[in-house]
Amino acid sequence: MVGTAALTAGLLALAPALACASVLPRNSEQQCKADKKPNIVFIISDDQDMRQDSLGSMPRLQKLLVKEGTKFERFYSPISICCPSRSAFLRAQVAHSTNITDVRAPYGGWPLFNEFGYNGHWLPSFLEQAEYDVRYVGKLMNGQTTNNTAALPAQGLVDSAFLLDPHTYDFWNPAFSTPAGPVEYRFDEYSNDVVTEKALKFLDDAAQSPDKPFFVGIAPIAPHSHIAWNDTSRAMQIPIPHPRHADMFPDAKLDRSRDSFNPDVPSGASWVRKLDKLSDENVEYIEDFYRARLQALQSVDEMVEQVVQKLEDMGVLDETMIIYTSDNGFESNAGHRRQPGKTLPYEEDINVPLVVRGPGVPKGKVDKTSVYSLTDLAATILHVSGAQADFDHDGAVMPLTHELRKRADWNGGAKQFHLSEYWVENVVEGKYAKSIETGNATYRGVRVVEGDDIDYAYAVWCTNEHEIYDMKARLSCGVPFVLQRRIDATCTCCAMQKDPNQMQNIALNDLSPSSWHGRLHTRLDALLLVLKQCSGESCRNPWRSIFTNGKVTTLKQALDRKYDDYFAQLPRVKYDAEVSVEIVEQV
Ligand SMILES: *[C@@H]1O[C@H](CO)[C@@H](O)[C@H](O)[C@H]1NC(C)=O
Ligand SMILES: *[C@@H]1O[C@H](CO)[C@@H](O)[C@H](O)[C@H]1NC(C)=O
Ligand SMILES: *[C@@H]1O[C@H](CO)[C@@H](O)[C@H](O)[C@H]1NC(C)=O
Ligand SMILES: *[C@@H]1O[C@H](CO)[C@@H](O)[C@H](O)[C@H]1NC(C)=O
């Protein structure tokens, strides 16, 4: 990819690290210091989508978290695969900053995380330094194994039980680390239930130090694919629900009304465009896969209820922030002729659940407009806990609480864009995955959502293909279009989305700089140009690097015709020879 002197100059103006005081208007400093630190329970499921509304299949979570807290509908994964995404969270950095870009060596995994010196310079340690007792149970990241857990202990935690490879994705045979070193094997026990048991124990332990705030991380593997611990082929199979949930959702069906559902013509770019239409048997299998994911999530739903109950019993429910999210999204709906999987710049893969309840968090609120990621969530956790990273991280503080919502307004509004990055190796899952051609999986993408006016997804692939989708919501009366949701019972007027399933790539139109699509393209390109190499403040405020006078802070403003010449002369985002070499090396 190419850079420019003009743009890089803007990137050098870095803001100081986000401390409590530095992000609030001056008169709020006192209050910030005086506030009691909330306890934090952080629940992160594995590969849970937002677009297929898996949250809707979790009634306890709906009652105890969604109704009691705020649900963020525009929350994203920095990179749609687990270890890099979790690393981005644990460091409050975007993926190109952590440089953890794959799940395994040489570009990712727990040993590399340690090699890069991140263990000890990460969220648990920063929370520890802010007087928190930090505990964590479940999956931290790939590459923590039964072999290396003793040699590479995680720092900053008072107690932990990490799921260890090769048992991590075995629903029935988990193995856990122990702080003392020996591995705890739990053969023939259901992983999610053991995680719940340990989480409740950690909460009991936290209650022993009532004077200290606590952070408990809970990371069940559902609804990730199952990988048997002793299967040397590491085949990714249908998730395994507990028998008590195995008969649920008999009527769960794939949404065949989506225009992306196993379409007659190929769609998308790169390897997706080469996919064959799925056979009926394959579609049926994906439907089973989808149902099993909902079933596997039920043990997580039960866990949510037990955790809330435990906090209530401890008398700390009102002073505890409960955060529910996932590491990346997932497509299991036969969209774009795909097998079950993740890694793409499409909404299914990058949009993840985020529900938060707790002190100061608005109740029953659905935030449809602000656009944030796990990187930002980590920055926000640091902020509300009064903790500080020992480097200039990339995260922006989210409007999680009433107080922070005011701050977002003071700061010119909430964030409205998101950078999606991906490198090297795609992941397709299930029994039909073997025959799938992979490769050319690298891309950089940006999502821009500005109220009801602007809703674009843009991606540039390492093949130099471009994708732009206009996903804008529209109010439409009596016109049959892609129906999204009913506004009134008879649906005389319906809220529509133009291209919610990302099927009509408008980058295939004339992109000459004077055309409408070309003008849009130059703006999206400039934004991506900054974001793909951003660091610190330029990740939070990329428009500042494009308009150093601060006059333009949104895509809508940037689309003004008077800036056509300025954008037209900026360099285009493309993969050049240099980067191709890097990609070849990485394969
Ligand atoms: C990222 O990590 C890889 C090794 O995994 C290394 O070869 C490369 O130089 C690193 N890039 C940067 C910018 O540090
Ligand atoms: C652990 O080490 C043994 C012996 O070297 C090896 O066979 C096994 O594959 C290793 N397991 C993992 C998960 O790395
Ligand atoms: C794998 O382990 C399970 C028990 O966890 C056992 O039932 C099964 O036979 C083993 N499979 C192989 C191929 O060793
Ligand atoms: C990757 O893309 C290039 C350029 O489009 C193409 O020549 C090559 O065959 C692709 N490789 C794979 C593995 O699809």
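**Strands and ligand shells**

Analyst: Start with a pair: Phe417 has Val448 in strand 14 as its bridge partner. The model is predicted; local features need pLDDT of at least 70, side-chain atom pairs count only at pLDDT 80 or more, and totals for chains, interfaces and linings use all residues. Residues are numbered from 1 along each chain as written, chains are lettered from A and ligands numbered from 1 in written order, and side-chain values use heavy atoms, without hydrogens and water.

User: What makes strand 13 and strand 14 a pair?

Analyst: Two strands pair if DSSP finds at least two bridges between them. Strands are DSSP runs (E, at least two residues), numbered from the N terminus. Here 6 bridges join strand 13 to strand 14 (residues 443-450), so they pair, and they run antiparallel.

User: Why do strand 13 and strand 16 count as edges?

Analyst: The open sheet has 4 strands in the order 13-14-15-16, with antiparallel pairing. Strand 13 (417-422) and strand 16 (466-470) each have a single partner strand, so one side of each lacks a neighbour in the sheet.

User: How do you know that Asn99 makes a polar contact with ligand 1?

Analyst: The cut-off is a pair of N or O atoms within 3.5 Å. An oxygen atom of ligand 1 is 2.3 Å from an N or O atom in the Asn99 side chain, so the pair qualifies.

User: Which residues surround ligand 2?

Analyst: They are Thr145, Asn147, Asp165 and Pro166, where near means a heavy atom within 4 Å.

Notes
Polar contact = N/O pair within 3.5 Å; in protein donor to acceptor, adjacent residues only side chain to side chain.
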